[in-house]
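Subject: Handover of a structure

Dear colleague,

Please find below the structure that I am handing over to you.

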Amino acid sequence: LEPELFDCIICTQVLQMIFDVRSAVRQLHRVLRPGGVLLVTGSGISKVGRHLGVDAWGEYWRFTAQSLAMLLGETFASDSVAVESYGNVLAAAAFLYGIAAQELPPNALTRHDANYELLVAGRAIKEVRS
């Protein structure tokens, strides 16, 4: 892809499938225009979804809010990176057991517990050159 091609890239649940994750983030940065935004999510607590040799590709990583912030901050200016996590022990257990959100009490997913990061989401903005 040509450099500085996109204003926004939405990259959901992809980075954990790429072994050279740092290179992937550098490439995402390269194809963003200055001022462009990367929106990314990754698995926190999860079952293994892909097995190299069985599936067409493998699954290599799990992220925490801390690790995703550090990963994005290596390529993007750290003050342009914002990361949040979502989940709690009930949400994590329900996800691992295959229980649908509709099967849980209405407020079961609203509580956030940083010790049970089910989903990690980040936003990084490519710096504008002066």
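The notes below cover aromatic pairs and then salt bridges.

This is a predicted model, in which local features need pLDDT of at least 70 and side-chain atom pairs count only at pLDDT 80 or more, while totals for chains, interfaces and linings use all residues. Residues are numbered from 1 along each chain as its sequence is written, and side-chain values use heavy atoms, with hydrogens and water left out.

Aromatic pairs

Searching the whole structure gives 2 aromatic pairs. Rings of Phe, Tyr and Trp (for Trp, the six-membered ring) pair if their centres lie within 6.5 Å; planes under 30 degrees apart count as stacked, over 60 as edge-to-face and the rest as tilted. Phe19 and Tyr60 make an edge-to-face pair, with 5.4 Å from centre to centre and 80 degrees between the planes. Phe19 belongs to the loop between β1 (6–12) and α1 (21–31), and Tyr60 to the loop between β2 (32–43) and α2 (65–75), so the pair ties together parts that are 41 residues apart in sequence. Helices (H or I, at least four residues) and strands (E, at least two) are DSSP runs, numbered from the N terminus.

For accessibility, buried means under 20% relative accessible area, exposed over 50%, and partly exposed in between (1.4 Å probe, protein chains only). Phe19 is exposed at 57%, whereas Tyr60 is partly exposed at 33%. Ring pairs also bring Trp61 into a cluster with Phe19 and Tyr60.

Salt bridges

There are 6 salt bridges in the structure, each being a side-chain nitrogen of Lys or Arg within 4 Å of a carboxyl oxygen of Asp or Glu.

One of them joins Glu74 and Arg22, at 2.8 Å from N to O. Because Glu74 lies in helix α2 and Arg22 in helix α1, this pair ties together parts that are 52 residues apart in sequence. Glu74 is partly exposed at 48%, and Arg22 is partly exposed at 46%.

Another joins Lys126 and Glu4, at 4.0 Å from N to O. Lys126 is in the segment after β4 (119–125) and Glu4 in the segment before β1, 122 residues apart. Lys126 is buried, at 7% relative accessibility, while Glu4 is partly exposed at 29%.

Glu59 and Arg62 also meet in a salt bridge, at 2.5 Å from N to O. Glu59 is buried at 15%, and Arg62 is partly exposed at 32%. Elsewhere, salt bridges with shared partners connect Glu4, Lys126 and Arg129 in one network.

Yours sincerely
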